[in-house]
Amino acid sequence: MDISDLPPGSLTAREVEVLRLVAAGLSNRDIAEELVVAAETVRWYTKQIYSKLGVSGRIQAVNHARALGLLQDDSSTQSPPAPPSTSIQATTQPNLPLSITPFIGRAREIAEVKHLLVVSRLLTLTGVGGTGKTRLALRVASEVVSHFADGVYFVDLAPLSDAMLVAKAIAAVLGVVENSAEPQLNTLKRSLADRELLVVIDNFEHVIDAAPLISELLVAAPRLKILVTSREGLRLSGEQEYPVPPLSLVSAYSRDDLADSEAVSLFVQRAQMLLPQFEITADNAAAIAQICARLDGLPLAIELAAGRSKLLSPQTMLARLDSPLTALTGGSRDAPHRQQTLRRTIDWSYNLLDEGEKILFARLAVFRGGRSLEAIEAVCGQDLSLDVFDGLAALVDKSLIQQKEAPGGEPRFVMLETIHEYARERLAQSGEAETIRRRYAAYFVDLAERAESQLRLAQHARWSQLLELELNNLREVLEGALSDGDLTSGVRLTGALYLFWWAYGYHVEGYHWTQQLLERLEETPITYHPQFLLSAGLLSTLHDLETATHLLLKMLAISRQLGEKPLTGWALTYLGSSMQREPEAAIAAAEEGLAVFRELDHKPGIAQALNNLGLVAARIGDSDRANRAYDESLIICQQTGETRQVCLVFQNIGFLAEHKGDHERAWEAGFEALRLAQKMNNRLLIAMSLPVIAGPLGSTGQPQRAARLLGASEAALESMGAFPQPIDKPEIDRITADVRAQLNDAALQAAWAEGRAMTLEQALANMLEEQI
């Protein structure tokens, strides 16, 4: 086997990276540490590498990869072969079935598939049922007829039920007469040996056991090329797979935007075949775009939906699409039986799974949005008749689940919504839905509780990114806790997420969840009350300081009752913020919280307590004490690696410096806060840093620039569902008043509106136009 046997690009960049570390002798655990990924991720990648290289172990993989040149640095830079000459004329009339409906879009896919046919002899178009594999294959075949001197042929395997009949079906299409003196496959190979042709083989997935004969034909006929459509790859040497994506969608809903969507074009074209006067209007544009998005851009689903246009307007149709599997029936009578309803199309794929794969497929329905390897193994891997990674790979191969790459290189697995709905039905019918939901909730509660402490340490960016990725799953657990009665899971999860919600701009959402669960807190074990009350109390400071203080005092009492010293420290520390209208009591609480954390040598707690102590000291005019607290907090944060807290401290230093009239120091501190916020890509902290910089701008004769930054900050916070911290509000109000005093109403409103219309990126560019 030479390097041509392995299609270019069949190993992803991440797989090559893992392979190089394997070659260097690193263990899976070492590789995980080197790449900062989970051990399960490395295990997944090594299994993919073994599968693609056709080996069973590390030594074989390394030796084989070296023989193929895959470990050379320049292995990915070789140029593909030049396209063949198009001067050869076909001598045989192709038997490609003609379509009576126009072909929509797919310009990029057509170009890519045609290129791959140049460099590959076996090309398999894969994808979920109804994604348009056959139409794409036929379109490409019709455009390359002149490249094949002996013609282009189409073989439909859908009517077959036995893999043993595949050779006979191919022979029949090619006109190869059976010879009783030899096996039919030998006759077929001999007939093809000297012919230059393309054979398009459609619907291979249900006779996949016949795949080896494709290799035999390609070996016997060096000028033969085969283009296959299948819901899973054939897993043959030299095979190039091409996953056929859904049709393109749009995120904006104007009539002009919809013109760029292939999915919308298909819907309109098919609707016009029933209603010639049908057109996109201002009234129905958004509904059409949302229908196409709800149906994942799947051509079959869109055609079925458009088929209802005689009876339903797009707006009415959208309202009825809560369950596409039920709503989308009644396809064309001349369509294959399996494609006359969306459900039958998915049934076709589901029935090709073995029992273990069917169980795993149903269990995966419990997730909302994406799924990580770690989550899948924890939630779905128990009592399964097959290795969960092998089952997952099979579902990916069979196009029932898609593999994406999350930030950081972690693989993530998603289902199209129509497939997801089908899987949810199967889970409900399985008898184990309740068990899987319990495991699901337990996993994500544990994940959030592990993340909570890490958000105050050097790995805070990684853990916050992980929680961002899992937001839909976390919300699903919280919804389930309220609807299914598992309140304890909801209370634990809400308590664990307080810092994530607070620090990354989910203020409205966090407050929403805490308020709903607060009403039923007494139905859960008291052990979990202090952490939950921390979450509820902190988020309440954004709405009502008295309520927040009440909740934090309750937290303090229960923490002391349970002997929970760290939680006692947090209650006291945040009372230092919520009691800001009683400065002496606030300082006493913050100092006591600081003492608790010093006794425990709890550095993140010490840093936070110092910051809160500095805030209260600044509020009462004790700037020296505030600066001492801020300086020590920065030193502690350098030890913990909590960059987020460093950013907040610099914001506070900036406000304090501006209040004292030290505009240069205020600008420097605000600019440093902004630099750190950008480095973390924390949009909340970016928005919170803008008023800090607006202060010195307004104080040095640049009120319009300051007003734009204030407007941009206000709009960004609103879009996130976030608020400025209450203790910062007096400083922001003072800066706003200073700007207002320098501009008349019209100028202020114009600059403010201009800022509100900016993105955060535009606001930053505006700020950097001129420095003081």
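**View 1. Strands β7 and β8 pair in the antiparallel sense.** The two strands are joined over 4 bridges, with β8 running through residues 411–414. Strands pair here if DSSP finds at least two bridges between them. Q402 stands opposite V414 of β8. The model is predicted: local features need pLDDT of at least 70, side-chain atom pairs count only at pLDDT 80 or more, and totals for chains, interfaces and linings use all residues. Residues are numbered from 1 along each chain as its sequence is written, and side-chain values use heavy atoms, with hydrogens and water left out.

**View 2. An open sheet holds 3 strands.** Their order is β6-β8-β7, and the pairing is antiparallel. β6 (371–372) and β7 (402–405) stand at the edges with a single partner strand each, so one side of each has no neighbour in the sheet. Strands are DSSP runs of E with at least two residues, helices are runs of H or I with at least four, and both are numbered from the N terminus.

**View 3. D397 and R235 form a salt bridge.** Their closest N and O atoms are 2.7 Å apart. D397 belongs to helix α19 (residues 388–397), whereas R235 sits in the loop between β4 (224–230) and β5 (239–243), so the pair ties together parts that are 162 residues apart in sequence. A salt bridge is a side-chain nitrogen of Lys or Arg within 4 Å of a carboxyl oxygen of Asp or Glu. D397 is partly exposed at 22% relative accessible area. R235 is exposed at 52%. The classes are buried (under 20% relative accessible area), exposed (over 50%) and partly exposed (in between), with a 1.4 Å probe and protein chains only.

**View 4. R492 and E449 meet through their side chains.** The salt bridge has an N to O distance of 2.8 Å. R492 lies in helix α24 (residues 487–496) and E449 in helix α21 (residues 433–454), so parts 43 residues apart in sequence are tied together. R492 is partly exposed, with 27% relative accessible area. E449 is also partly exposed, at 31%. Elsewhere, salt bridges that share partners link R106, R108, E109 and E112 into one network.

**View 5. R190 and E182 form a salt bridge.** N and O are 2.2 Å apart. R190 counts as exposed, at 52% relative accessibility. E182 counts as partly exposed, at 22%. By the salt-bridge rule, the count comes to 47.

**View 6. V177 sits in a loop.** The loop runs between α7 (166–174) and α8 (184–192). V177 is exposed, with a relative accessible area of 67%. The C-alpha atoms of V177 and T187 are 8.1 Å apart, and 10 residues separate the two along the chain.

**View 7. The protein chain is shown whole, with 39 helices and 8 strands.** Its C-alpha trace spans about 105 × 60 × 55 Å along the principal axes. Of its 772 residues, 54% are buried. Among contacts (heavy atoms within 4.5 Å) between residues at least 6 apart in sequence, 71% join residues at least 24 apart. The mean positions of the 72 positive and 97 negative charges are 4 Å apart. Lys and Arg count as positive and Asp and Glu as negative, without His and the chain ends. Each charge is placed at NZ of Lys, CZ of Arg, CG of Asp or CD of Glu.
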